Amino acid sequence: MSDLLNIQNLEISFQSNNKNLKTVENFSINLNEKESLGIVGESGSGKTLSMLALTRLLPKQASVSSGSIIFQNRNLDELDNKNFYKEISGKKISMIFQEPMTALNPVHTIGKQLLETYLYHNNVSVEKGIERALEILDAVKLPKYKQRMDQYPHQLSGGQRQRVMIALALINNPSLLIADEPTTALDVTVQKEIIQLISDLRETIGMALIFISHDLGVVSQISDNVVVMKNGEIVEKGKTLKVLEKPNHPYTQGLLDCLFKLEDEQKKNQIKDTPIIKVKEISKSYKLPAKIFKKPEIIYAVKKVSFDVKFGETIAIVGESGSGKSTVAKIINGLINKDEGKVEIKGQNIEDIEISDRAKIIQPVFQDPYSTLNPIHTIGYIVSRPLTINENKSESEVKEEVIKILRLVGLSEEYYNRFPNQLSGGQRQRVAIARAIILKPQILICDEPTSALDVTIQSQILDLLNDLKTKLNITIILISHDISVVKYFSDRIIVMYNGEIIEMGNTNNVINIPKDKYTKRLMSSVFSLKKNDIKFT
Amino acid sequence: MIFKTFIKRLFPRSFDDEIYNLTPKDLIIRKSSNHGGFKFGLSLLLIIFLFAIFGPIIFDVSPYEQDLTKRLLPPVWKEGGSWEYIFGTDGNGRDYFARILYGTRISLTIGFGAACVGMIIGVTLGVCAGYFGGWVDQIVSYLLTCQLALPGLLLAMTIVFLIGPSITVVIFVIGATHWAFFLVVSRSATQKIKNLDYVTSARAIGASKFQIIMRDIIPNTFSQIIVIFTLEVGIAILNEASLSFLGVGIQPPTPSWGLLIAEGKEAIFFQPWLIILPGIALFTLVVSINMMGDGLRDITDPNSKVSEE
């Protein structure tokens with residue numbers, strides 16, 4: 001096999017304040033024809049940037065300062081931009097992006113966008129173009145593909161749009177496809193189908209693939225070779241199985257540990273038999289704005305949901321986006337009013353509990369570390385606020401307690417006077433947890449507490465939550481779409497779909513012997529990387 | 001350069017090398033010391049303020065004392081001018097420099113006062129409309145439509161005419177007809193902020209609506225409101241000038257810049273400095289305030305790229 005792509009010592013620097021900040025250094029990869037390469041790394045590691053340099057899509061401030069890119073025995077540096085876009089980009093090298101919702105132009109039909117790409121690079125008639133477009137839409141397995149040509153992007157679901165994106169990328173039969181986290185924004189069940197599709201198409205078309213992801217599990221499924229990046233440098237590369245089996249660099253080792261740790265057994269809380277929360281047939285619906293001569297449409301976010309949570313138990317609610325899991329959590333927390341049903345906390349109706357008492361029983365932790373803290377207040381103020389609102393304590397007592405709690409979540413005293421924008425995502429999430437536990441609540445509602453964080457940080461936060469759970473004997477309601485996190489963390493699982501509970505049971509039972517059709521699909525779509533798998537091969 | 005060394009000495013922390021270690025306040029200080037337009041506008045405004053406060057004390061000449069034998073003397077750089085009356089005299093033989101100096105006080109008071117009144121009305125309504133939504137929002141939006149539909153100057157004229165002119169009345173009338181910007185900006189900012197997680201968590205820890213509005217929402221809309229504020233100061237000063245020019249604003253013999261221009265209009269062909277001098281003063285003030293406002297917008301916008309060194 002001959003070399004398809006050879007990148008030597010690529011260096012990308014950012015121009016900022018008359019200083020050159022090197023973001024990618026010494027980036028060298030070698031790709032054979034039909035080979036698939038995975039690039040793994042956390043956000044900011046330069047994995048996307050190095051590929052943008054290859055397709056000349058770098059942001060304005062960034063520039064390639066040294067290094068050579070040789071593609072099909074041609075030095076790409078010698079091509080000027082016009083020829084590059086005509087001959088290479090979109091024809092020989094195509095790219096798929098992360099966000100299918102914004103990657104397609106909403107004012108043009110699918111057919112028009114496909115045709116535009118094809119006709120720009122190929123000197124053929126429109127009829128031929130339409131023929132080719134239909135062919136490729138069939139190849140990406142878009143259901144009812146013949147009608148899709150005249151449809152607009154908003155008429156398709158996220159997964160379907162990503163299929164159209166893939167069709168757009170493949171319409172010119174490229175030799176190299178670059179997929180930049182193509183599945184991260186999709187629901188897990190769709191994720192697996194898309195990865196399967198990319199992998200199949202690679203074989204039928206016979207192209208090379210560079211797959212960028214933060215998820216080692218996904219990359220291990222699809223790529224022959226893998227490159228691990230950290231802080232703009234390649235720390236490890238080699239055959240995927242070899243790297244997974246015997247990682248040389250401590251960072252790779254750490255990544256793997258984070259994944260494998262999720263398999264270990266957990267210390268469990270003492271679970272009492274009496275329920276702390278009783279949810280009985282709650283419903284919540286939203287009315288869509290009425291149209292003339294039509295009844296207003298009603299959409300159920302939550303439909304007759306009932307379950308119990310016992311003292312000390314950790315219960316996980318899983319489901320795809322829009323399944324109503326967050327709405328249930330907010331209703332239990334008293335942040336949204338329900339339409340029907342009953343929520344009892346420690347035998348009391350949620351509406352009858354005073355707000356200040358409720359705050360001492362139940363507290364939320366949210367997903368986005370960037371919007372969870374008010375940017376204008378100091379960490380000390382943010383964490384002390386629940387105390388100053390609900391309890392009468394002197395200033396020095398409050399400060400003492402805040403520092404104690406900050407230590408408990410793994411932050412030192414010096415964070416007291418800092419502002420949120422000086423903290424990293426993981427640290428912010430620790431502050432958010434500190435704020436939630438300072439009133440010593442018995443129930444914590446964690447709404448995807450780790451899904452916005454990098455893998456290594458994610459496992460630290462999970463460790464912290466686990467630690468607190470046993471230390472303070474807290475009941476936790478965990479909302480997540482990540483099955484491996486749920487498996488690691490929870491005693492029981494509730495599966496929700498379209499606002500209804502479709503399955504409920506012990507974690508191991510639901511994961512290993514799912515009963516419902518949707519649950520089966522959900523569980524089989526997880527790309528888990530297990531210790532045993534690797535030793536086996 | 002002088003500005004920067006001065007600021008550096010005042011806030012040494014904000015010039016540490018590590019940018020990400022700065023507090024939001026430090027970052028604003030650093031950005032502002034690098035923004036040319038902001039520095040120019042602020043310096044000019046400070047000078048005008050100093051003039052307004054200390055000018056009449058140092059230059060101890062009454063702006064009301066008439067000397068009819070010395071009517072319409074030209075300023076010092078014109079033929080026939082003298083150092084005794086630097087800007088000459090007006091039609092009643094009053095010292096024109098003293099009148100402009102005193103007029104600075106009046107114009108600044110009215111500009112900032114009216115903008116404050118407008119801000120209080122607009123932000124209160126806007127935050128309520130944004131936070132509570134529903135019928136509150138509908139009523140406020142209706143008020144806004146009314147305000148936008150009515151010709152402001154005509155309304156102000158009518159009210160001043162009915163109540164009778166004085167500085168306080170002029171301030172309140174101008175303020176009461178200039179809150180639309182404040183309302184629109186604070187309403188949309190509130191709508192955005194109230195759905196953020198930190199507001200939800202404030203509700204979860206039991207903070208009252210009043211606490212949430214005062215502690216979480218208003219401080220975060222502040223950077224946008226301060227920009228509108230500086231724009232409105234400029235608009236209010238010009239508005240006062242129009243009212244005075246039409247005869248329903250500040251009443252003679254009190255010197256306001258608008259009034260000076262109105263009084264000078266009869267002499268526009270023969271003694272043009274009577275209009276040009278207060279005109280220049282008005283122009284300088286409004287330009288300095290607007291430059292400062294533009295600068296503030298750049299500085300407080302977290303996405304702006306003001307160079308840090």
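1. Helix 4 and helix 7 of chain B are oblique to each other, where angles under 35 degrees would count as roughly parallel, over 145 as roughly antiparallel, 65 to 115 as roughly perpendicular and the rest as oblique. In this predicted model, local features need pLDDT of at least 70, side-chain atom pairs count only at pLDDT 80 or more, and totals for chains, interfaces and linings use all residues. Residues are numbered from 1 along each chain as its sequence is written, and chains are lettered from A.

2. Helix 4 of chain B covers residues 96-132 and helix 7 of chain B residues 167-176; they pack at about 45°, with axes 7 Å apart. Helices are DSSP runs of H or I with at least four residues, and strands are runs of E with at least two. Axes are lines fitted to C-alpha atoms, and angles run from 0 to 180 degrees between N-to-C directions.

3. Residues of helix 4 of chain B that meet helix 7 of chain B include Ile106(B), Gly113(B) and Ile121(B); contact means heavy atoms within 4.5 Å. On the side of helix 7 of chain B, Phe172(B) and Gly175(B) are among them.

4. Chain A has an open sheet of six strands in the order 16-17-18-13-19-20, with mixed pairing; two strands pair if DSSP finds at least two bridges between them. Strand 16 (362-365) and strand 20 (500-506) of chain A stand at the edges with a single partner strand each, so one side of each lacks a neighbour in the sheet. The twist averages 15° from one strand to the next.

5. Strand 17 (residues 443-447) and strand 18 (residues 475-480) of chain A run parallel and are joined by five bridges. Leu444(A) stands opposite Ile476(A) in strand 18 of chain A.

Technical notes:
Heavy atoms only, no water.
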